[in-house]
Number of protein chains: 2
Amino acid sequence: MTTQEVATQLVALCSEGKFHEAIDALYADDIVSLEAGAPPGQSRESKGIAAIKGKAEWWAANHEVHSAAVEGPLVAGSHFAVTFKMDVTFKPTSARFSMEEIGIYKVVDGKIAYEEFFYNM
Amino acid sequence: MTTQEVATQLVALCSEGKFHEAIDALYADDIVSLEAGAPPGQSRESKGIAAIKGKAEWWAANHEVHSAAVEGPLVAGSHFAVTFKMDVTFKPTSARFSMEEIGIYKVVDGKIAYEEFFYNM
């Protein structure tokens with residue numbers, strides 16, 4: 001798949017809340033994922049499809065999603081950008097908050113091989 | 001200015017090739033700029049408005065721009081993303097090439113305080 005095709009599919013799946021399906025369909029086994037920040041003692045970087053699935057499962061288990069919007073993609077060469085805007089409740093504390101972030105993705109051999117997220121800490 | 005206002009102005013100025021004007025109008029004095037890569041022995045990171053202006057001046061002096069397109073912005077919170085697609089000739093070697101990249105920007109107190117570029121090396 002081209003960068004544009006991968007980007008279009010990611011937006012379509014994420015818009016339907018199908019984050020796990022997006023990982024299964026579009027991510028490379030050696031995916032590297034970089035967050036804007038991490039809790040003390042933890043790494044911003046996750047490596048490998050198992051780690052990324054674990055992060056997604058933790059997120060899904062700990063957040064209730066009230067609404068979600070995905071905008072984009074903007075495509076340039078092997079890279080594309082997407083925005084995520086979500087209204088969620090963090091279940092452990094019942095805190096409800098809005099989150100807005102930009103995701104940057106790099107496509108190698110038709111799969112997402114790198115992703116990085118930009119948001120305020 | 002809001003993130004959306006800064007983003008809209010950056011796209012407008014860059015679409016007209018007014019890169020220097022964009023820096024003067026929109027960049028913070030303590031701007032940090034990160035390239036996807038750097039030549040051996042050089043840093044990916046430039047700090048401060050003087051260094052960023054120097055980088056822009058070197059670029060303008062060494063490239064002839066045949067066409068340029070700016071797409072976006074995608075805005076999320078304090079961040080926004082833009083794509084640049086240019087057809088240029090690198091004057092020292094007369095090599096003509098197309099470049100496509102994504103720029104990510106962070107706005108603090110109405111000015112661009114951080115930028116990072118994503119492209120293939």
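Trainee: What follows α1(A)?

Mentor: Gly17(A) does, and its phi is positive, near 75°. Helices (H or I, at least four residues) and strands (E, at least two) are DSSP runs, numbered from the N terminus.

Trainee: Where do the numbers and letters come from?

Mentor: Residues are numbered from 1 along each chain as its sequence is written, and chains are lettered from A and ligands numbered from 1 in the order in which they are written. This is a predicted model, where local features need pLDDT of at least 70, side-chain atom pairs count only at pLDDT 80 or more, and totals for chains, interfaces and linings use all residues, while side-chain values use heavy atoms, with hydrogens and water left out.

Trainee: How many residues does helix α1 of chain A have?

Mentor: It has 13, residues 3-15. From first C-alpha to last, α1 of chain A reaches 18 Å, close to the 18 Å expected at 1.5 Å a residue. The expected span is 1.5 Å times one less than the number of residues.

Trainee: Which residues of α1(A) are buried?

Mentor: Thr3(A), Val6(A), Ala7(A), Leu10(A), Val11(A), Leu13(A) and Cys14(A). Buried means under 20% relative accessible area, exposed over 50%, partly exposed in between (1.4 Å probe, protein chains only). An α-helix has 3.6 residues a turn, so residues three or four places apart point the same way.

Trainee: What do the buried residues of α1(A) pack against?

Mentor: In chain A, they pack against α2 (19-26), β1 (27-34), β3 (63-76), β4 (79-90), β5 (95-108) and β6 (111-118). Contact means heavy atoms within 4.5 Å.

Trainee: Why does Thr3(A) count as buried?

Mentor: Because its relative accessibility is 12%. A polar atom of the Thr3(A) side chain lies 2.9 Å from the backbone oxygen of Gly77(A). Leaving aside neighbours within four places in sequence, Thr3(A) is in contact with residues including Val75(A), His79(A) and Val107(A).

Trainee: New topic. How many residues does the contact take from chain A and chain B?

Mentor: There are 23 residues from chain A and 23 from chain B. The area buried between the two chains is about 1700 Å², of which carbon and sulfur atoms give 68%. Buried area is the accessible area (1.4 Å probe) that two parts lose on being put together, summed over both.

Trainee: Which residues in chain A lose the most area to chain B?

Mentor: Leu74(A), Ile102(A) and Phe118(A), together 33% of what that side buries.

Terms used:
Polar contact = N/O pair within 3.5 Å; in protein donor to acceptor, adjacent residues only side chain to side chain.
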